[in-house]
Amino acid sequence: MPFSSYLGKARRTGGGGAWASSTAAGPASGPLLPSSSSPAAKSKQRKPRRRTALANFLLANIFTVALSVSLLFFLLTLFLYGVPHPISSRFHPKRHPLRKVRPKSAAHHRRGNNSGLGFAAVDITTKDLYDKIEFLDLDGGPWKQGWRVRYKGSEWDDEKLKVFVVPHSHNDPGWKLTVEEYYDRQSRHILDTIVESLSKDSRRKFIWEEMSYLERWWRDASDMQKESFADLVNNGQLEIVGGGWVMNDEANSHFYAIIEQMIEGNMWLNDTLGIIPKNSWAIDPFGYSPTMAYLLRRMGFENMLIQRTHYELKKELALHKNLEYIWRQSWDTEESTDIFVHMMPFYSYDIPHTCGPEPAVCCQFDFARMRGFMYELCPWREDPVETNQENVEERAMKLLDQYRKKSTLYRTNTLLVPLGDDFRYISIDEAEAQFRNYQMLFDYINSNPSLNAVVNFGTLEDYFRTLREETDRVNYSMPGELGSGLVGGFPSLTGDFFTYADRQQDYWSGYYVSRPFFKAVDRVLEHTLRASEILMGFLLGYCQRSQCEKLPVGYSYKLTAARRNLALFQHHDGVTGTAKDHVVQDYGSRMHTSLQDLQIFMSKAIEVLLGIRHDKSDQSPSLFEPEEVRSKYDAHPMHRVVATPEGMAHSVVFFNPLEQAREETVMVVVDRPDITVLDSNWTCIQSQLSPELQHDKRNIFTGRHRVHWKVSIPAMGVQTYYIANGFVGCEKSEPSRLKYFSESGNLSCPVPYVCMKLEGEDTVRIQNKHQTLTFDVKHGLLQKVTQPEGSLNIIGEEINMYSSSGGAYLFLPLGDAEPIIKAGGTLLVSEGPLMEEVFSFPKTKWDSSPISLSTRLYNVEDSIQGLLVEKEYHVELLGPAFNDKELIVRYKTDVDSKRIFYTDLNGFQMARRQYYDKIPLQGNYYPMPSLAFIQGSDGQRFYVHSRQSLGVTSIRDGWLEIMLDRRLLRDDGRGLGQGVLDNRAMTTTFHLLFESNVSSGSDPISNPRPLSPSLLSHRVGAHLNYPLHAFIAKKPQKTSVQPLSRTFSPLTSPLPCDLHIVTFKVPRPLKYSQQASESPRFVLMLQRLHWDSSYCKKGRSGCSVMSDEPVNLFNIFKSLSVLNARMTSLNLLHEDPEIMGYDEQVSEVQDRPLVISPMEIQAYKLEVRPHQ
């Protein structure tokens, strides 16, 4: 439908809903599960017919016959399909009305894991493409990465060629300049130009993507400009595509941050212009994730456009006319995640590489490259010339020839031709040059019917609408093709598009790791924002009078700024680490400011929730301060030191942002050893003291102490503990026993510890009840892991370095990675009742070692913390000695993995990887936002969980190799114009886990599909990525007076272990008081995890409740009533499930249990009020 028609659709009942438009009527109530009944059809009058004897018999015995047939059908169903599983989803896929939908094969419908997660039946998988392609990089002639494209000329006799030329301007919110610098110098002028130029001629069209720039321009624009802009959108000349705050990266970004940046952009757009985008435009991310396709579908998007995929993969798809396809999630047997995708076929999205396969010809039609403009001339030395009556025929035929050639790469005769580049259309003269010349060429082509072509300016909506209209008339399906019920005539595909290569062996795997310090800050801001949103939700939910709204509403501006700063960094030159140094500084400063603001808000919020103060405002000073301190945007985080005088106690408050209760060992730094730990009931708690350590060759001790103790925090709740000095009746914190090895001789033992020198010993061990770790003393590296039952896991740990000629984008290793650790250095072992640790400051050829490392085991009963191995790598790749070096850690295990490994995509799903010898090492590196694991044929698994995005590969059987940091002197020729030399001191934390299956599962060798983590792995990852938030009282209190027991526990009971609260938030806190309390002002977003049930289900993970037991949305919170709950899209703007990919019209959620299918994320608008 036309875009203008879709604007009306955005405001209709059930489309935009209460938040999409203030004029929308409320949707009708509906049941949670679909009804099996349907409206009775009107009976038609029929002529009476004579009954036969058989008919009389059937009528007389109808009940007996029906019962017999039903029983036979039931027995046949059991025989064919087995005992049915519980219903896990109430939705069915949306079907194409003109196309018969194929029946689902039972073989694809179920798999032996929890809740029967299936495997999608599709025509193409990206794994199959990689298996098939030889990666020979053959020279294709004018289209160097393809072939010489030819056509007969009769292809358009029956169906005209319909060409949509789509003007666009790609505006990076930060790259070579900061977002503000770009706005002032370019983007504001581009938006001015669009409005003025399109207003001159209704035939002109344009698309715009980034809301970060549009929102900024809207603040500066005149009323006349705003009105003109809105008119252009409403009449279909200007389409907002994507509409996120940025065009996000898809390799490093976590799905939470992607959802946030899309919500921020889409909701601003809907609030401001009343529109909701439905077409996505992602021309510049460096590879593509199916997670993005899933999220967009559940946000109501219908179509996607992508560009940067491996050039050999593009060629293979183009050869079979598969560049347009239906992207389906690997687990989706119902086609509910299907979304239509257009992949651009050529090297780049600039004009020379978009009109057709010959860039030397296409460049002649980039009229902004004519002399007199600021852009470079065509490198092929054939420059564009002004179109006039004398040359229009020759020029038009030359251009049409390219259009025809490009059209042969696709199935339909509807063709998309982007017309733009980075920061184009900056002036009226430039825009006029493009629009004027192209319109003359279009007019010539369109005035000659014999050419069988119609060419016009268009938007994405124009293109996708016309394409679907054509596929309704013409069947383009290939023989035997499964396709999709969404759009007929195209293949279905599963998989991802990493790792991207744009030419030769230039693989873009370096950016998975570039600027890892800021990749870590990104995740800290992410989980701090999520925690703050939850606390704000509780503050407003439990609030019964306007006075208690002061704090959350007063902080709304800073909360909005934090959302936008997190969103901004998801830009594909932000979290990727591929911007200029001063731009990275700008991103970092913005995130740092927001982190500080959020931590101050949280410290005040817990005062209210604990009942310390009820009338807190954003201006009141806080009684608490965060335990973790960051002095500036690029400083390594430090622990705040608790200094407790004699006879005093400092309260330490912990907030648990997870939906399950947590029992784990925590750590706080103190300035003196003689301390005691108390719980909120003033009861003594066992604690352990150990020296604080630092990355310093001369002295590894700071002189301060770490105190560890076990805490128990309710789900999404707050608990208080005390660190006391001189508390009578309690034992003091127990000092750790220290053992050390030092090449330099004796180590100065700090007070009050007893130190023992390791002499004549090659190995040293630490252990808990679950495992024993053995280390090489002289190198300080892990050697093996032994389980209590005697099973042994070899895990050789190496710290190696690549020499490299790459840059911010490209990883270009020069040979294999070389070990950097020599025998010698310093090793310290700490042993105690709660925690055991090996700290190593290894010897390297550099005087200042680039790395030190800690390995810890925890002794915590009935906690997942006791099952994992904590690895901490402190990295300082600083100074010219490390130029053109890339630092890795390599784990060499005895897991029989056959170089097959699994990596997560955006923290949401797993992808199966395998090492291909036919592509270089750098092409076998993949993004690892949070998890990688290997599995042997015997079911043995080795997991590495990370709290930040990095890169990973498996170059040998049983190996996992993870890059920690990279320092590159050179620019790698992709436009940045510099290397990566602004490294910061940083600490990377991994949680390692060995696990054996308890029942037979999938064999990774024979199974081409991704495997899911175990339930234990999911929980380990959640604890790592959503840590406890600790706050320390600014002032101590006297131990002679017992304080009130203070705790906050908002959930009626912990949620099922496979149900994750993505967010609980108030989307519009600034408008909270103005919104009617009858309308839902809160959002609860839930994710149902899928886990491999061939691994231990409940025992090792400590879970008692799973989502097989439905959750009642209305009874989640203590003392809070949930009202008016209804399902919404993930961008919070649609309430019609059909728009999100489902079939049933379900908007109201009744007071009954909630069932969510594994792998699904579902959002609910609701109102929350205190119980009366």
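Is E470 buried or exposed? E470 is buried, with a relative accessible area of 0%; buried means under 20% relative accessible area, exposed over 50%, and partly exposed in between, using a 1.4 Å probe and protein chains only. Keep in mind that this is a predicted model, where local features need pLDDT of at least 70, side-chain atom pairs count only at pLDDT 80 or more, and totals for chains, interfaces and linings use all residues. Residues are numbered from 1 along each chain as its sequence is written, and side-chain values use heavy atoms, with hydrogens and water left out.

**Around E470**
- You'll find E470 in helix α16, residues 460–473 (helices are DSSP runs of H or I with at least four residues, strands are runs of E with at least two, and both are numbered from the N terminus).
- Leaving aside residues up to four places away in sequence, E470 touches E159, K162, T412, N413, T414 and Y476 (contact means heavy atoms within 4.5 Å).
- N413 is 57 residues from E470 along the chain, and their C-alpha atoms are separated by 8.1 Å.

**Disulfides**
- The whole structure has five disulfides (pairs of cysteine sulfur atoms within 2.5 Å).
- One of them joins C355 to C362, S to S 2.0 Å, and both cysteines are buried.
- The torsion about the S-S bond of C355 and C362 is about -90 degrees, so this disulfide is left-handed.
- C684 and C730 are also joined, S to S 1.5 Å.
- C684 lies in strand β21 and C730 in the loop between β24 and β25, so the pair ties together parts that are 46 residues apart in sequence.
- C684 counts as partly exposed at 38% relative accessibility, while C730 counts as buried at 13%.
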